[in-house]
Amino acid sequence: MLLRATFVLSTILGLSGCATPQTLPDTANIQPGERPDITTDEAGLWMASEDVERRLAASGRVLTDPEINAYVKEIICRLSPEYCADVRVYIVRTPHFNASMYPSGFMQVWTGLILRAENEAQLAYVLGHELGHYFRRHSIQQWRTVRDTASAMTFFSIATAMAGVGYVGDIGALVAMGALMSYSREFEREADDVGFEMMSKAGYSPDEAPKIWQALLQERDASGDPNQLIFFATHPSTEERIDTLKGLATAVPASARGVDVGAERHAKITHPYLSEWLRDDLRNRKLAGSEIMLKRLIENRGERPELQYFLGELYRIRGDEGDAQHAVEAYTTALGQKGAPAEAYRSLGLVHWREGHTAEARAAFEAYLRAAPKASDYAMVKSYLDQL
Amino acid sequence: MNPDQKSLPSSSFLVERSRFLVALVFFGLVIILSGCAQTQALKAKSAMTERINPAVVLLIEPDVQLSVVTASGLQEPNAEWTEIGRRNVAQALEALLKEKNASLIAYRAPQNDLDRAHRHNQIMKMHGAVGVSILNHKYNEMLALPTKVDRFDWTLGPDTQMLRDEFGADYALFVFMRDSYASAGRVAVIAVAALLGVGMQGGMQLGFASLVDLQTGEVVWFNRLISGAGDLRTPEPARQAIDSLLTDAPL
Amino acid sequence: MKTRASISIIVLLLSACTHYTLLEPQRYQVSEVYSVEPQIQWNHAKQGAVELWTVDGPLLQAVRLVNGVNEGDVLFPVFGQDKKLPQFRAGMSATEVQEFVVDSMTASGAADVSSSNLRPFQFGALPGFRFEMQFLSADGLEFEGIAAGATSEEKLYLILYTGTRSHYFDKYKSDVERMLQSIQTRA
């Protein structure tokens, strides 16, 4: 019981999310600077949340570079100047599309999300969604629902056990679970609405909000796995979200329509991390999605050698039919550009070697050794020349 | 929350602090709880022969959390009780160490010095990994390590000298306590279940403490507490819990 | 999420069934293909195709001896997740095996894994490779590692030593180095 409780609580603490209101219980927004009274269940949740924050801060996985931290924090303050002082952001090196908001006011933003946002406006929409969870107090509401539903179930199952109809209890459990799921979907819709309103009011182009979903939808469809992106599991259907957001964007009057997109700034800030994040992404082995993502990046940011290099890496790792040829093309494109990594030669050699193209493999390995005479794997690659 | 960390393989490279709880609870579930506290201390060889007295003890902020057990058995952390519990634990520790003629220094994390803070953090994380290893391999028969059967020789390594130098302390003391209490709803469930002849768990007290020689990094003493009774919300029972946990500490 | 949580509890309980036996410092046949001669007593447990050796516990230091990874196999299986994990392919070069090992470690929870010094290494009679690694556990404790291996008849044989950067890695590093030199392979 204790175990289960710990896990349930930790699940609820971080409302994953990305972003309309239905009939929800009447809960007052959290006020700037507000802390729950120490005698409340909410204070207990804050305490657990603060514990998570301390551990995260010391995990060694949080990006410490001031520039990118300032970038994300500035967006939050622009979206919500009144809550700016209450919200702490941690950019966590994790190659998945996600962000989560915790009840005590700290937010995790994963690098996989920043990599996939095409511009500042799209990122602002997601951050706004997360802020919506915070000041609508979704965490505590979710916890109360879980707690009270579980308690009701316990009494119900004991009562049915007494009446000798144990099975009915199980059906009760299913109903209760269903109730929980729909609850969280309503929270997501509400946060979607809040996120949209904030980004739109802050002067960002409202048309960008649905675009981040469209891009993710493409990745999901390519993977053929509806649950591949964590995000989709507990959230409203992506198609529904896109339709809702498109509707909201169209409804914004021309006089109030922001034009800020911030594609260049986003590209500039994220550029120093690109190689690291792309490598992390390929390590996930969700290659169909990564392929869509990489091609989108190439389309948006132009022909950068590292993008072509990682596209080559993707095809080399996947190794399906025709991938060897695609890999060779991508590496060759990368190497034709200024600033291509020397590793592109090595990878090119590996693909040719696998394909039995001995002369091409030899030329590529030799080029690698020339380009990287101090590489720590020099002797290894040199030994490949003997094995060819 | 972080789905990446949820699916741990058995050959995991991870050490999660929450696993303290998992490791502790595992035994809590296996052992049928009696009303009284159960402790089981381990001592390093050096602790049997050498003893620094009077010792200076660096107290790492005790990790204490008090919760309510809801009717269904979920644990809800309670901030007010935790604050009271932390205070009671701190006072009980102070009183006990005084009786043992040891002086106490409270640990403070380095401020505005990222490098030093990082190195301190590594020591704390090392203690986490060592603590879980001790709980796993010394308290759980199924995971017993044959070479360790007659030995208790874990260490945090010589990096702990840094703490010795900074704080002028001989030992570091780590204390971890979790205490939970049945809510009114839970009590009702237990009563109904009892009518049906089913025993259900109310609250539970779990904890451990370790004493680390900062000169060598050696864990000189370790103890674990599991109890179906006890109450950290009131000073006297808190004192009893800390006493049974630490009485035996070689100070 | 809930399902994942319960799976991890099951995994935890299953891993609690790992049973350690004593391994004396004498020649030990790891598989039909290779043997090693440890210098000290190790505690030893089998986890599928992987043998786990440790002195102080696997959260602190461990030697993992991998017995013949086949085409399409994963290095560290995770229940129900194999399709998403890096798979071994016959004919991989040392560079690709290094990538396979690093990516597999990342998939099983190690963070910020970096590898260096990939170089030729004589794995008994087999021409093999070795490299060093650095990584963080999920909560950020620093680790170091050594990997040495070779492929034979389309299977991968690998010895992986990992330990905390402070103390536990160094504690048995020289014993592991001597063990790597003691590898004997059968034709």
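**Note on strands, helices and burial in a predicted model**

1. Val219(B), in strand 8 of chain B, is the bridge partner of Val212(B). The model is a predicted one, in which local features need pLDDT of at least 70 and side-chain atom pairs count only at pLDDT 80 or more, while totals for chains, interfaces and linings use all residues. Residues are numbered from 1 along each chain as its sequence is written, and chains are lettered from A and ligands numbered from 1 in the order in which they are written.

2. Strand 8 (residues 219-227) of chain B pairs with strand 7 of chain B in the antiparallel sense, over eight bridges (two strands pair if DSSP finds at least two bridges between them). The hairpin that these two strands make has five residues between the strands, and within this hairpin Gly217(B) takes a positive phi near 90 degrees. Strand 7 of chain B also pairs with strand 6 (residues 171-182) of chain B, again in the antiparallel sense and over nine bridges, with Met177(B) standing opposite Gly207(B) of strand 7.

3. Nine of the nine residues of strand 7 (residues 205-213) of chain B are buried, so this strand is largely enclosed by the rest of the structure (a residue is buried with 20 or more other C-beta atoms within 10 Å of its own, exposed with 12 or fewer, and partly exposed in between). In a regular strand, side chains alternate between the two faces of the sheet. Here Gln205(B), Gly207(B), Ala209(B), Leu211(B) and Asp213(B) point one way, Leu206(B), Phe208(B), Ser210(B) and Val212(B) point the other way, and all are buried.

4. Taken as a whole, chain B has seven helices and eight strands (DSSP runs of H or I with at least four residues for helices, and of E with at least two for strands). Of its 251 residues, 49% count as buried. Among contacts in chain B between residues at least 6 apart in sequence, 77% join residues at least 24 apart, a contact being two residues whose C-beta atoms lie within 7 Å.

5. In chain A, the secondary structure comes to 17 helices and four strands, and buried residues make up 46% of the 388 residues. One of the helices, helix 7 (residues 166-201) of chain A, contains Glu188(A), which counts as buried because it has 25 C-beta neighbours inside 10 Å. The C-alpha atoms of Glu188(A) and His133(A) are 8.0 Å apart in space, although the two residues are 55 residues apart in sequence.

6. Helix 12 (residues 287-301) and helix 13 (residues 305-318) of chain A pack at an angle of about 160 degrees, with their axes 10 Å apart. That makes helix 12 of chain A roughly antiparallel to helix 13 of chain A (the term applies to angles over 145 degrees). The contact involves residues of both helices, among them Leu294(A) and Ile298(A) of helix 12 and Phe310(A) and Leu314(A) of helix 13. The residues of this contact divide into nine nonpolar, one polar and three charged (Ala, Val, Leu, Ile, Met, Phe, Trp, Tyr, Cys and Pro count as nonpolar, Asp, Glu, Lys and Arg as charged, and the others as polar).

7. In chain C, three strands form an open sheet in the order 2-3-11, with antiparallel pairing. Its edge strands, each pairing on one side only, are strand 2 (28-29) and strand 11 (184-185) of chain C. Two bridges join strand 2 of chain C to strand 3 (residues 34-36) of chain C, and Gln29(C) stands opposite Ser35(C) in strand 3.

Terms used: Axes are lines fitted to C-alpha atoms, for helices over the stretch in contact, and angles run from 0 to 180 degrees between N-to-C directions. Angles under 35 degrees count as roughly parallel, over 145 as roughly antiparallel, 65 to 115 as roughly perpendicular and the rest as oblique.
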